[in-house]
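Me: I'd like to go through this one slowly with you, starting with ring pairs and then moving on to a helix. Could you keep the answers plain?

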Amino acid sequence: MSPEHSRAAAFTAEVAADIDAFGPNQHSVGGPGSGGGPLDFLRQPKGLYALFFTEMWERFSFYLMIALLSLYLTESLGFADARASDVATWYLSLVYFTPFLGGLIADRLTGYVKAILIGGTLMMFGHLVLALDTKESASHPFLFAALGLLIAGNGMFKPNISTMVGNLYSKTDPRRDRGFTIFYMGINLGAFVAPLAGNFLRTRSVDILNTWFGTKLPADAGWHIAFGSAGVGMLLSLATFLAFKGRLNEGRPDDDGGYPDTSAPVIETRGDRRLKLAQWFNMGAIGLALTVLLAGPSLGLPVTVIQFGAAWLVIELVTVVMLLTGGDRMSADAAKLKTIFVIVALFWMAFHQNSVALTFFVRDYVQSSWDTETFQSINPLCILLFSPLMVALWSYLGPRKLEPSSTGKMAIGMLITALAYGVMVAAAGRLVGPGAKVSAGWLVGCYALITVAELLVSPIGLSLTSKLAPDRYRGLWMGFWFLATAVGNKLVHVVGGFWGKYPPGQLFTGLVVSSVAAALALVVSLQVLKAFEPKDGRA
């Protein structure tokens, strides 16, 4: 037996022992109803918790920078709101565009472990370079070099750590959705602490260092100390991953708990060939469209974000049609995923207004003693509070056959997103007269609702992607999930760019409409796709 298969067998035995310690029911592959109860937090592969803490520190570094970026651009560097919104949303978009390349590199070249290590190292240096930026340079080379390193590093890190979470479970393991929800808590534990730490370091660290240690740091050095701490967070993420990577395996177990023989030759079917053709068409066409969007103005071909979004939609529809011609289960599942990805972009457009429109609303219209960026901690705090309740809910409903399907959960989440922005429409309606402000309670209510929506869309979408993605391209398809997030993040700028031009109530009403439309589109499109699924269910 090869060393790789020996490690796989040992890992499988360890996971089986972890499961059997809580009773044979948890090893069942019978469906989502298996198991249940509060111990679902313990009835998971041990590797999940290594990935949990790795992602927690990575998200700490990411969200600390996100919480401060728009404020740093406007308050320290003097960017106008529109330019700051453009830079921030371009960064958010490209951070999520690159994962499909990072996933493909991991699938075909490096493997998932090396990809995560490469990506984490690039991000660590990116945060440290950002700490060196100064407002004296008009071109801000450190700022944009840092953003480039962070974009490239995230592309290697983000899809592959999510793929490794999925690889802990067989396709029929009923713990998958709950495992991803637990993993999502790690993301948001880091996201909760990050804005608070960033605010403290930005506003208090200089005074503490100058008073206690006799340094003579300028007042704006707090920005750089905060960004430097994000690099330390990324170092801790890498250290955690290296310490526990022995508990991980790059492959996904078969339904019987063993690992497939990856050395066996692959015999390509028509579905395999159509899948490869559709993937390469999709990556090439989207890459071309993105290049035109980025370089268009310098080439005399100005392209708007709306035009890019329309082109992306056409590319994805053509890809779905190409996949449907494969005629097998793998192609049908891939077409279903692509359709879901397109619709979920509208959710991310609404959700990530926390980086633009909701931040500006707090700054301009909320009566509060809190600093603006501290409001960013409400959403991850709600994630930490609500995630155990969500796991318990699915554990209760599953055995009673009342648990919604994965796509049903996502549609419900999009409707709740509409309700969250309905709260903001009501808040904006109370802004009567110049200088009017509203209570912070409106923002808390919006964030609480949108947190519930997020738990129904994001971890469930990651779980579904890891389950339905073609086995030989799991990293790539996890990257496609983040590509949809990227498009949604760029559409954030469409709304953020209108800030100050239209009343807040009108902008939030548009988000209500788009979220309801997304929920309806998801339900209808998946019903249409059922007509193209193989009749035997296994072809």
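Me: How far apart are Phe 361 and Tyr 365 in helix α12?
Reply: Bearing in mind that this is a predicted model, Phe 361 and Tyr 365 are four residues apart in helix α12, which covers residues 357-365, so about one helical turn separates them. An α-helix has 3.6 residues a turn, so residues three or four places apart point the same way.

Me: OK, and how many aromatic pairs does a search of the whole structure find?
Reply: The search of the whole structure finds 21 aromatic pairs. In the pair of Phe 361 and Tyr 365, the ring centres are 5.4 Å apart and the planes stand at 45°, so this pair is tilted.

Me: Is Phe 361 buried or exposed? And what about Tyr 365?
Reply: Phe 361 is buried, because its relative accessible area is 0%, whereas Tyr 365 counts as partly exposed, with a relative accessibility of 25%.

Me: What kind of pair do Tyr 421 and Phe 508 form?
Reply: Tyr 421 and Phe 508 form a stacked aromatic pair, with 6.0 Å from centre to centre and 25° between the planes. Tyr 421 belongs to helix α14 (residues 406-428) and Phe 508 to helix α17 (residues 504-529), so the pair ties together parts that lie 87 residues apart in sequence. Tyr 421 is buried at a relative accessible area of 0%, and Phe 508 counts as buried at 0% relative accessibility.

Me: Which residues form an aromatic cluster?
Reply: One aromatic cluster is formed by Phe 62, Tyr 63, Tyr 91, Tyr 96 and Phe 482.

Me: What sits over the ring of Phe 480?
Reply: The charged end of Lys 338 sits there, 3.8 Å from the centre of the Phe 480 ring. Elsewhere, Arg 202 lies over the face of Trp 223, at 4.8 Å from the ring centre.

Me: Switching topic to helix α13: what should its 20 residues span?
Reply: At 1.5 Å a residue, the 20 residues of helix α13 (residues 378-397) should span 28 Å, and this agrees with its end C-alpha atoms, which are 28 Å apart.

Me: Where does the kink in α13 lie?
Reply: The kink, of about 35°, lies at Phe 386, shortly before the proline Pro 388.

Me: And what do the buried residues of α13 pack against?
Reply: They pack against α7 (176-213), α11 (329-351), α14 and α15 (441-468). The buried residues of α13 include Ile 383, Leu 384, Met 390 and Trp 394.

Conventions. Residues are numbered from 1 along each chain as its sequence is written. This is a predicted model: local features need pLDDT of at least 70, side-chain atom pairs count only at pLDDT 80 or more; totals for chains, interfaces and linings use all residues. Side-chain values use heavy atoms; hydrogens and water are left out. Rings of Phe, Tyr and Trp (its six-membered ring) pair if their centres lie within 6.5 Å; planes under 30 degrees apart count as stacked, over 60 as edge-to-face and the rest as tilted. Helices (H or I, at least four residues) and strands (E, at least two) are DSSP runs, numbered from the N terminus. Buried means under 20% relative accessible area, exposed over 50%, partly exposed in between (1.4 Å probe, protein chains only). A charge sits over a ring if NZ of Lys or CZ of Arg is within 6 Å of the ring centre and within 35 degrees of the ring normal. The expected span of a helix is 1.5 Å times one less than its number of residues. The bend at a residue is the angle between axes fitted to the seven residues ending there and the seven starting there. Contact means heavy atoms within 4.5 Å.
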